[in-house]
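Please have a look at the model on the screen, and then I will take you through a few parts of it.

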Amino acid sequence: MVGSYANGGAAAAATEEKLDELRRLLGKSDGDPLRVVGVGAGAWGSVFCALLQDAYGRHRDRVQVRVWRRAGRAVDRADAERLFEVINAREDVLRRLIRRCAYLKYVEARLGDRTLHADEILRDGFCLNMLDTPLCPLKVVTNLQEAVWDADIVVNGLPSTETREVFGEIGRYWKERITQPLIISLAKGIEASLDPVPRIITPTQMISNATGVPLENILYLGGPNIASEIYNKEYANARICGADKWRKPLAKFLRQPHFIVWDNSDLITHEVMGGLKNVYAIGAGMVAALTNESATSKSVYFSLCTSEMIYITHLLAREPEKLAGPLLADTYVTLLKGRNAWYGQKLAKGELTLEMGDSIKGKGTIQGVSAVNAFYELLSQGSLSVMHPETKKPVAPVELCPILKTLYKILINRELETDSILQAIRDESMYDPRERIEMAQRQSLYRPSLLGLAKGDAKA
């Protein structure tokens, strides 16, 4: 017992030390709390803020964590009934709600006598996209200006498709700011801009363009993260990527015993891979459903799609981070068990249709759909042509990415059925994945213009 108290005391002291170190780096004075704001309240964004609240919430005079989400989203009757079941199955949650005088509204919603709202239940620790995993209570703000105007650290938990619009609004609120905040982006997706030249726009670039915050203050966090499992303290690791000045202190601040955060300088590769893994996860879900979870078929798909991912990153970085460690693990877990893989499975089984759109009740935005379109549009441009290994003629890069082409024809053009993904991986003329990787490493594929850089820019 004495040992457990000692260990608990040491852990608490280490937490205070990490908090005080980051406060010093940000120039926070006594009595001025470090303000951390989550923008967006999907599953991972909510869990990320809840992890910080659990770790640092007892130090209210030194740190405040709050979450912004839009007001007005009603919880339907089926979700209210499910929420009631979850509450009553967890004695700790039930007792907490009774203590907070918040239980009765869930009884009334279960009976259909009251309508709950997403921001309201988030205050009690329930994320609409993850009802089965109760979180700690969170401070929720529905006014965006109120949420962000004095923030020291902003966590972007929005889908990439909403990032530009919301941060454009935030940028207007920050025009009079003297100090620049730090921004940690969790978004996984890209946009393609074709005019005046084809280039990729990542969420960190969208944020910088929209707010004027320099890229050295904007970081990307990615890793093998299934939100509900991380909050339930399944061991996980992640990487925070960006400029030297901030990534190491932020990695230390975010690290917890069950959530190990490393740091890495290669922002581009990690952020692009974050978008690519969602693309190929949809196909992985289709393959799993169409082959009755065949381990062999799934492994064939994995080897082929990762070779395409490696090939694409060589177009975007001179020496991209190798697909290994957390980067590989992030790809693996997303293909295995993520909302994009789930979406692919449901499409292949006929339980969802493309006409339903890419915003799915209980799951949020399926970011892989827009990423398929963006990567295809970008890599189909003739101005980016590469040499075909057999014909020795220039072709658009997408011609060497048959899985990406097939997903585009299924999801965007809608000219193929989902079972076409199996034809793509069973094509007898398909390259050995090793050949595609060697081709990427051997040829001079790097196109700095894809990142909006000059041809000889050393920052690549």
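In which hand does helix 3 pass helix 5? Helix 3 passes helix 5 in a left-handed crossing, where left-handed means that the near helix is turned anticlockwise from the far one by less than a right angle, and right-handed that it is turned clockwise.

Before I go on, a word on the source: this is a predicted model, in which local features need pLDDT of at least 70 and side-chain atom pairs count only at pLDDT 80 or more, while totals for chains, interfaces and linings use all residues. Residues are numbered from 1 along each chain as its sequence is written, and side-chain values use heavy atoms, with hydrogens and water left out.

Helices (H or I, at least four residues) and strands (E, at least two) are DSSP runs, numbered from the N terminus. The axes of helix 3 (residues 77-89) and helix 5 (residues 103-110) come within 8 Å and cross at roughly 135°; axes here are lines fitted to C-alpha atoms, for helices over the stretch in contact, and angles run from 0 to 180 degrees between N-to-C directions. That angle makes helix 3 oblique to helix 5, given that under 35 degrees counts as roughly parallel, over 145 as roughly antiparallel, 65 to 115 as roughly perpendicular and the rest as oblique. In contact, meaning heavy atoms within 4.5 Å, helix 3 brings R77, A80, E81, L83, F84, I87 and N88 against Y103, Y106, V107, A109 and R110 of helix 5. By class, this contact has eight nonpolar, one polar and three charged residues, where Ala, Val, Leu, Ile, Met, Phe, Trp, Tyr, Cys and Pro count as nonpolar, Asp, Glu, Lys and Arg as charged, and the others, Gly among them, as polar.

Turning to the sheet, we find an open one of eight strands in the order 3-2-1-4-5-8-9-10, with mixed pairing; two strands pair if DSSP finds at least two bridges between them. Strand 3 (139-141) and strand 10 (259-264) stand at the edges with a single partner strand each, so one side of each has no neighbour in the sheet. From one strand to the next, the twist averages 25°. Within the sheet, strand 5 (residues 182-185) and strand 8 (residues 218-222) pair in the parallel sense over three bridges, and I184 stands opposite L219 in strand 8.

Helix 12 (residues 267-290) lies across strand 8, strand 9 and strand 10, running at about 50° to strand 8. How do the axes of helix 12 and helix 16 cross, and at roughly what angle? The axes of helix 12 and helix 16 (residues 367-379) come within 8 Å and cross at roughly 105°, which makes helix 12 roughly perpendicular to helix 16. The residues of this contact divide into eight nonpolar, four polar and no charged.

Finally, two details of the backbone deserve a careful look. Most residues other than glycine have a negative phi, and most peptide bonds are trans. The peptide bond from D195 to P196, however, is cis, with omega near 5°, and P196 lies in the loop between strand 6 (191-193) and strand 7 (199-201). K233, a residue other than glycine, has a positive phi, near 70°, and K233 is found in the loop between helix 10 (227-231) and strand 9.
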